[in-house]
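Welcome! Let's get to know this structure through a few questions and answers.

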Amino acid sequence: MSGSVTVIGLGPGDPRYLTPAASAALDAAQDLIGYIPYVARVPERPGLVRHASDNRVEVDRARHALELAAAGRRVAVVSGGDPGVFAMAAALFEALEAGDPAWRSLSVTVEPGITAMLAAAARVGAPLGGDFCAISLSDNLKPWEVVTARLNAVLAADLVVALYNPISRARPWQLGAALALASEHRAPDTPVILARAVGRPDEAIRILSLAEAREASADMATLVMIGASATRLIPREGRAPFVYTPRSVAR
Ligand code: SAH
């Protein structure tokens, strides 16, 4: 089979955060597949067929990409941030595993991107300097009991926790529940970062205490980071503090 699929990470939004490899893969594509706002980020050009979809079922989109590639097309599937972080790459492999065995001989590659957690961390200092983890709060694809069991485990292990998909119109209460759990494990003055639309014109970053964060609002463009017990602030006169987590842990 001569077609190909490349799953491409577009980074958090700022075009300067698109890697040269991702950019080259976009230039080589004949078909562009993805969720509407991500496809919109890729400039139109002659010879590029755009398939922007509102379909939330990522595996359907992945199957479409594989079918086009099986017909000989060079297909780019785009995700915001990194495509392997709560995004299209896993859906692509799920469709590949379950689909036509002939698809396995297609050229399938993944081009990484800067994920929201890393872009947000860089804005405020080095909150991910120690051990950390990422959890999606969305219970579309897993039961909420699994989310809370995992949150409890990683909070007890004193990891910094990055929360993706903290909230949406259909899921208004999950972030509050997660922060309530966090306050069972962490002091009220633990730093919490609410990083909204990082790398986009409407970027807004708040550095709050856990107690303040429980009262704050967030939306689906927000990445939430809950500090570990060692995560600290460096206050600065008239400027936002730096936030960092020391790499060393006392023996
Ligand atoms: N693949 C993406 C994540 C997709 S899940 C990545 O690697 O970044 C969608 C969630 O990612 C959003 O609900 C939000 O929590 C986070 N997110 C994505 N882009 C963001 C950005 N520019 N700023 C802050 N959070 C972002």
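A residue counts as near a molecule if one of its heavy atoms lies within 4 Å of that molecule. Please keep in mind that this is a predicted model.

Q: How many residues surround the ligand?
A: Let's begin with the closest ones, which are Asp-82, Val-85, Thr-115, Met-220 and Thr-222. Counting every residue that surrounds the ligand, the number is 20.

Q: What share of the ligand's accessible area does the protein cover?
A: On its own, the ligand has 540 Å² of accessible area. Of this, the protein covers 93%.

Q: How far apart are the C-alpha centres of domain 1 and domain 2?
A: The domain assignment gives domain 1 as 4-114 and domain 2 as 117-244. Between their C-alpha centres, the distance is 28 Å.

Q: What area is buried between domain 1 and domain 2?
A: The contact involves 8 residues of domain 1 and 11 residues of domain 2. Carbon and sulfur atoms give 63% of the buried area. In domain 1, Pro-12, Tyr-17 and Phe-86 lose the most area to domain 2, together 59% of what that side buries. The area buried between the two domains is about 700 Å².

Q: How many residue pairs are in polar contact between domain 1 and domain 2?
A: The side of domain 1 that touches domain 2 has 5 nonpolar, 1 polar and 2 charged residues. Across this interface, the rule finds 0 salt bridges. For polar contacts, with both residues at pLDDT 80 or more, the number of pairs is 3.

Conventions:
Residues numbered from 1 in each chain as written. Predicted model: local features only at pLDDT ≥ 70, side-chain atom pairs only at ≥ 80, totals over all residues. Heavy atoms only, no water. Domains from an automatic or database assignment. Contact = heavy atoms within 4.5 Å. Buried area = accessible area lost by both parts, 1.4 Å probe. Salt bridge = Lys/Arg side-chain N within 4 Å of Asp/Glu carboxyl O. Polar contact = N/O pair within 3.5 Å; in protein donor to acceptor, adjacent residues only side chain to side chain. Nonpolar A, V, L, I, M, F, W, Y, C, P; charged D, E, K, R; others polar. Areas by Shrake-Rupley, 256 points an atom, 1.4 Å probe, with all protein chains shown as cover.
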